[in-house]
Amino acid sequence: MMQATQRQASDVQQQQALVPTGQLSGTVSFNGTLTKEDEEMSKSALSTFRAKEEEIEKKKLEVRERVQAQLGRIEEETRRLSTIREELEGLADPMKKEVSLVRKKIDAVNKELKPLGLNCQKKEKEYKDALDAFNDKNKEKVQMITRLMELVGESEKLRMKKLEELSKSIEITR
């Protein structure tokens, strides 16, 4: 684009340089006025120059409009991305606060759980010891009951034997 503009400017300068020296057609009258043919060529060169200048201006306007449109889209996209970033930051903050709050609560509960766990272990040990003592006493009781049953059984046998002897002795005396 820049080369085309430079080339056009160069062509115009050459044409302008040719017009005053009279080299355009080679026919300059002796009184210094241009011939009709020279005037037409001059007008043609001038209109060509004006047309190219208008074309350049039109293209400049088109490029400027495209640049403006592109800038508008960029600004719109920037606003949209800024809005998205703000939404993301807004989402992150409440979650961080909630997570921090929940973590603090968990830490507090952990602090409460530690002594409770130790107390529970202590109570479990006491329970186990008490259970062992209970089971030992229960076995001892069972053994005593068994021994009692044996003694009662032996006592009954002895009494029955005595009763039978007494009964025989009563029968004999009769």
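This briefing describes salt bridges in the structure above. The model is predicted: local features need pLDDT of at least 70, side-chain atom pairs count only at pLDDT 80 or more, and totals for chains, interfaces and linings use all residues. Residues are numbered from 1 along each chain as its sequence is written, and side-chain values use heavy atoms, with hydrogens and water left out.

A search of the whole structure finds six salt bridges (a side-chain nitrogen of Lys or Arg within 4 Å of a carboxyl oxygen of Asp or Glu).

**Pairs and their spacing in helix α2**

- Helix α2 covers residues 36-173; helices are DSSP runs of H or I with at least four residues, numbered from the N terminus.
- Lys59 and Glu55 form a salt bridge with an N to O distance of 3.5 Å, and these two residues lie four apart in helix α2, about one helical turn.
- Glu57 is joined to Lys60 by a salt bridge of 3.3 Å, N to O; the two are three residues apart in helix α2, again about one helical turn.
- Arg147 pairs with Glu150 in a salt bridge whose closest N and O atoms are 3.5 Å apart, and both residues lie in helix α2 at a separation of three residues, about one turn.

**Exposure of the paired residues**

- Lys59 is partly exposed at 37% relative accessibility (partly exposed lies between buried, under 20% relative accessible area, and exposed, over 50%, with a 1.4 Å probe and protein chains only).
- Glu57 has a relative accessible area of 39%, and Lys60 has one of 40%.
- Arg147 is partly exposed at 42%, and Glu150 is partly exposed at 42%.
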